[in-house]
Amino acid sequence: MLVVNDLLTQQTMPAWSDISLKLYKDFSIQYLLKRCFEYHLVNGLIINVEFKEWAMKHLWAIQHIDSSIDKKLLFTEIDNGLEISTFMADSRKRKKILHYKDRVRMFACIYYIMKSGNLFYVENCTIAGTRIRVNYIRSKIISGKGVNVGMRLEDGAYVPLTMLIDTATNPYKTVDKLHPQKVFKLFIKEDGKVIEEIYYNKYWGKKKKNPVTIHKKVPNCFRADTYSEKLKRAKVRNRQR
């Protein structure tokens with residue numbers, strides 16, 4: 001069984017026996033809900049990402065497994081004994097949780113995704129082929145599968161509130177047509193203070209001296225090619241070497 005601090009560095013999808021709803025709740029309270037992930041983009045934008053307790057019901061796919069659970073009372077339900085085994089004991093809910101098994105287990109890697117995943121802008125806030133509305137996606141390949149954390153603007157910050165899993169046969173399905181955003185640094189803050197700084201690829205350009213915080217659609221002039229177009233160009237370059 002994983003412990004809370006393990007989730008700060010978990011990089012592979014765990015087994016059922018390694019996780020629990022109590023583990024997820026404790027990790028959220030001790031770390032996620034206290035911290036702000038401040039992404040500084042090459043184009044000068046700053047994206048502030050904050051986790052919210054009410055959004056955990058969606059991140060963990062609980063709304064699909066048992067919609068009767070109030071999103072504001074999920075942590076209370078866990079304190080009162082709600083667990084993964086609770087769903088497994090009910091044939092109808094067992095079928096649903098097994099359908100979302102990867103999504104539930106991949107949450108154990110959420111911190112790793114927020115620190116090292118790729119950032120994508122979702123044009124018109126809608127993921128193609130779904131009714132899901134998000135502004136940005138933080139994406140990472142984990143255990144061969146594409147894990148995509150959708151974030152939507154809520155009360156001045158971008159809140160992670162969904163997780164889409166792409167199969168190993170097509171791990172880039174969700175982000176294939178999206179516009180990648182170049183992040184050159186990430187500040188992780190707690191109580192307004194920077195507790196960790198992460199700097200990414202230097203070749204993405206010089207840092208902006210006066211970046212601006214923005215909570216609206218990215219202007220057309222800032223949009224990069226879609227992810228599929230980038231992959232095609234990379235393949236051409238590899239063949240030319």
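Student: What makes up the contacts in the chain with a separation of 6 or more?

Tutor: Residues 24 or more positions apart account for 60% of them, a contact being heavy atoms within 4.5 Å. This is a predicted model, in which local features need pLDDT of at least 70, side-chain atom pairs count only at pLDDT 80 or more, and totals for chains, interfaces and linings use all residues. Residues are numbered from 1 along each chain as its sequence is written, and side-chain values use heavy atoms, with hydrogens and water left out.

Student: Why is the pair Glu196 and Lys115 called a salt bridge?

Tutor: The term requires a side-chain nitrogen of Lys or Arg within 4 Å of a carboxyl oxygen of Asp or Glu. The N to O distance here is 3.0 Å, so the pair qualifies. Glu196 lies in strand β9 (residues 193-199) and Lys115 in helix α8 (residues 110-116), 81 residues apart, so the bridge links distant parts of the chain. Helices (H or I, at least four residues) and strands (E, at least two) are DSSP runs, numbered from the N terminus.

Student: How do you know how Glu50 and Lys52 are classed?

Tutor: Glu50 has a relative accessible area of 26% and Lys52 one of 29%, so each is partly exposed. Their side chains meet in a salt bridge at 3.3 Å, N to O.

Key. Buried means under 20% relative accessible area, exposed over 50%, partly exposed in between (1.4 Å probe, protein chains only).
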